[in-house]
Amino acid sequence: MRVSLRLDSQCVRAFHVTLLQRLASLPGVTLFVDARPAGGGIPRSAEALFQLETAIHGLPRNGLARHVPLSQLAPYRTERPSPDLVLDLCGDVSLEGTRVWRVTYDGASGEAALLGLILNGQTPLARIEEDGVAIAAGRLGTEYGSIALASFQDMLARTASLIVAAMTSAAKAVPVLPEPTQTGAPPPMPSAGKLAVRAGKALARRIVQKIYHLCYNAPHWKVGWRQAGGQDLYDLRAHPASGWQVLPDDGSRFYADPFPIVYRGQVTLFVEDYIHRLGKAIISAVPFGPAGPLGRPEPVLELPYHLSYPFVFERDGEVWMVPESCANGTVDLYRATAFPGGWVKEATLLSGVVASDATLVEHGGRWWMFATVWDGEGAGAFSDALHLWSAPDFRGPWTPHPHNPVLIDIASARPAGRMVKRGGQLLRPVQDCRRSYGAALGIARISHLDLIGMEQVVETILNPGALWGGRKLHTLNEAGGFEFIDGSAIAPRWKQRGGGRY
């Protein structure tokens, strides 16, 4: 297939080079570059904003948004062929009798459209369109919504993933969310002058917020628990009227990612135990009696790198754990030799992958692993690209799904706890990160899961509120009649011994 990539020659970025490299590696693709001035790019004031954010936030200077010389396009043919397909990044290609795939963000083409949405605090819907029909789509995300440059680079990286997925016939659909969304035609893009004013005001706000955050406030996560009493959140689809009790901490640490398990008749809760002075987390555990926790969480697993999301389960009469260890670039399996401690590593299930919140489930005669994956291309969110692996046994060997990523959606890709079976179907808790990382909790019903693909329907989205205070709602798990959630609030930094992680 002869493929022509249309880009703006006046603004060649590392993103374009990365995208060209990925496209050139696809079998059967002969790649051409159509590099001409396009007009309508982002204003110079936005580049000034990027430079200031780089200095203020200590961002790397080699990200996907950096400008590169035209000479970096030299390895690719630049003559104008009669292509079989045009990938149009500028929105100005119209060729009679030629297939054109246009990249749009909330219906508009180009970098200015993407940056305008970011500065407006919106979650862009990226689409690869042919004659107005979506070939692939995804809600783009970032963990750095307050930093325009970091968000811009994350979303450029995921745009590349979406284009490659469409080229490999692994088309992506965006699930409908159970809450009102904007309808009608997308709002018109602001002029370059208005965009410059908006960027300047946004920068001023960010600087003030950054100073205030550094001096006074830091995120502090907390774990909530309750006795389910026969109806859990999967039944209620709302916070219980009784509210939640909070697992206490001493202020020098916080607890998050609650995973309970019943073993030998005892409910034990495992948590991420983030110690501020260390700047990383370990895994701790606390037993529960009929009235709640029996003591405080005690350390059970500590490694030189950060650990979280202690996915624990019982199998073959023993207790196993797959903690998140993306800081090590692995997904590892541990076994308890002296429950709730004595953890020994039994296997490395995946290596060379930055996978967040690996969640295992047995379904259809196979084991499945769900996790969101960071591309490792210098940018890209950790929470919007869902990958699957399958195996005949939870010990492996694990095989990546042929259509990874199976979903690109900042609102429903990242796991948020164990999956449960209700009425013969799988219900999957998911993180809705549109406002920020772990801001809300979704409940999705998996309607299809096999080697062909995965489909889910998000049925409910729960937010923090009067019955669960704070800014976030992040994880859902249950065992032995107890139900657990977590989220974060803002705490004075001077009460902590060190800085928070999130």
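Modeller: Gladly! Let me begin with pairing: two strands pair if DSSP finds at least two bridges between them. In this predicted model, Met 321 stands opposite Tyr 334 in β16.

Colleague: What makes strand β15 and strand β16 a pair?

Modeller: Strand β15 (residues 318-325) and strand β16 (residues 330-338) share 4 bridges. The cut-off is at least two, so they count as paired, and their sense is antiparallel.

Colleague: Where do these strands sit in their sheet, and which strands are called edge strands?

Modeller: The sheet is open and has 4 strands in the order β14-β15-β16-β17, with antiparallel pairing. Its edges are β14 (308-315) and β17 (341-351), since each pairs on one side only. From one strand to the next, the twist averages 25°.

Colleague: How do you know that β25 and β26 are paired?

Modeller: Here 8 bridges join β25 (residues 440-449) to β26 (residues 454-462), and the two run antiparallel. With at least two needed, they qualify as a pair. One of the places to look is Gly 442, whose bridge partner in β26 is Ile 461. A hairpin of 4 residues joins β25 to β26.

Colleague: Turning to helix α2, why are its buried residues said to line one face?

Modeller: Those residues are Ala 46, Glu 47, Leu 49, Phe 50, Glu 53 and Thr 54. Looking down the axis of α2, they fall within an arc of 155°, so they line one face of the helix. Arg 44, Gln 51 and Ala 55 are exposed on the other side. Helix α2 itself (residues 44-57) has 14 residues and reaches 20 Å, close to the 20 Å expected. Just after α2, Gly 58 takes a positive phi of about 65°.

Colleague: Why is the pair of Phe 288 and Phe 484 called edge-to-face?

Modeller: Their ring centres are 5.2 Å apart and their planes stand at 85°. Phe 288 lies in strand β11 and Phe 484 in strand β28, so the pair ties together parts that are 196 residues apart in sequence.

Colleague: And how do you know whether these two residues are buried or exposed?

Modeller: Buried means under 20% relative accessible area. Phe 288 has 4% relative accessibility, so Phe 288 is buried. Phe 484 has 0%, so Phe 484 is buried as well.

Colleague: What makes Lys 222 a charge over a ring?

Modeller: The charged end of Lys 222 is 4.7 Å from the centre of the ring of Trp 468 and sits over that ring. The distance cut-off is within 6 Å. Arg 226 lies over the face of Trp 244, at 5.5 Å from the ring centre.

Notes:
Residues numbered from 1 in each chain as written. Predicted model: local features only at pLDDT ≥ 70, side-chain atom pairs only at ≥ 80, totals over all residues. Heavy atoms only, no water. Expected span 1.5 Å × (residues − 1). Buried < 20%, exposed > 50% of the residue type's maximum accessible area, 1.4 Å probe, protein only. Arc of directions from axis to C-beta. Axes fitted to C-alpha atoms, helices over the stretch in contact; angles between N-to-C directions. Phe/Tyr/Trp six-rings, centres within 6.5 Å; stacked < 30°, edge-to-face > 60°. Lys NZ or Arg CZ within 6 Å of the ring centre and 35° of its normal.
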